[in-house]
Amino acid sequence: SSVPDLPEFSLPEIDSEKQEKIAKAMEDILSENATATEKDGKTQINLTITPEQLQDMMGLLTTEGGQFPGLSDNPLSESLQFSDITMAVTLNEKRYFEKFEMKLSGTMTVADEENAAAGVPATAHVTLAVGFHDLGQPVTIAPPADLEEYMDIEEYYTQFPDYGEYSSWAA
């Protein structure tokens, strides 16, 4: 069975020429690596992205100076290597997303010689599973009763001046 077409997408910080290259790369990855099976009215789409394909895609997402926003300026990321990334998407009978699962592993060696962990490889295994329920049904979202006790995100990051979205290397 063929894999359904991807929806149009737009990344405002990336020009249209680069977006076209990204769309083509995604199309190539899907045509080379995706399989789709039908069972009980549902469609299961499986996809494997190789480390080389991921590297090519990240190369398309970098800025003019070769920077990957929020990552490449980080000295901790100099040796980041990924394994194959596997993804499985289940579409229900109406072609709505029902489940998404992604698995990957990454290994990184700290290059910053001032860091105590310099030269020591660290590996992380990540599984992300998301289920979608009651699709197409109205949803009511109510804030928690103790919302005033929650910390504002900007206040949260002031606790960690060298890390997070507001750090000097992620700016």
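A salt bridge is a side-chain nitrogen of Lys or Arg within 4 Å of a carboxyl oxygen of Asp or Glu. The structure shown here is a predicted model, and by this rule the count comes to five salt bridges. One of them joins the side chains of Arg95 and Glu38, with 3.6 Å from N to O. This pair links distant parts of the chain: Arg95 lies in the loop between strands S4 and S5, while Glu38 belongs to strand S1 (residues 35-39), 57 residues apart. Arg95 counts as partly exposed, at 44% relative accessibility, and Glu38 is partly exposed with a relative accessible area of 45%.

Strand S4 covers residues 85-91, and six of its seven residues are buried, so the strand is largely enclosed by the rest of the structure. S4 pairs with strand S2 (residues 42-49), to which it runs antiparallel, through seven bridges. Within this pairing, Ile85 of S4 is the bridge partner of Ile49. S4 also pairs with strand S5 (residues 97-109), again in the antiparallel sense, over six bridges. Here Leu91 stands opposite Phe97 of S5. S4 and S5 form a hairpin with five residues between them, and Arg95 in the turn has a positive phi of about 70 degrees. The residue that makes the salt bridge to Glu38 is therefore part of the turn of this hairpin, in the loop between S4 and S5.

**Other salt bridges**

Side chains of opposite charge can pair when their charged atoms come close. Glu17 and Lys21 do so within helix H1 (residues 16-33), where they lie four residues apart, about one turn of the helix. Glu17 is exposed, with a relative accessible area of 52%, whereas Lys21 is partly exposed at 45%. Glu101 forms a further salt bridge with Lys103; Glu101 is partly exposed at 24% relative accessibility, and Lys103 is partly exposed at 40%.

| Salt bridge | N to O distance |
|---|---|
| Arg95 and Glu38 | 3.6 Å |
| Glu17 and Lys21 | 3.7 Å |
| Glu101 and Lys103 | 3.8 Å |

**Confidence**

The chain has a mean pLDDT of 76, and 69% of its residues reach 70 or more. Over residues 70-77 the pLDDT is below 50, although the model gives this stretch 18 contacts beyond near neighbours in sequence. Residues 164-171 also stay under 50, and for them the model has 13 contacts beyond four places in sequence. Where pLDDT is low, the predicted coordinates should not be read in detail.

Conventions:
Residues are numbered from 1 along each chain as its sequence is written. This is a predicted model: local features need pLDDT of at least 70, side-chain atom pairs count only at pLDDT 80 or more; totals for chains, interfaces and linings use all residues. Side-chain values use heavy atoms; hydrogens and water are left out. Buried means under 20% relative accessible area, exposed over 50%, partly exposed in between (1.4 Å probe, protein chains only). Helices (H or I, at least four residues) and strands (E, at least two) are DSSP runs, numbered from the N terminus. Two strands pair if DSSP finds at least two bridges between them. pLDDT is the predictor's confidence in each residue, from 0 to 100. Contact means heavy atoms within 4.5 Å.
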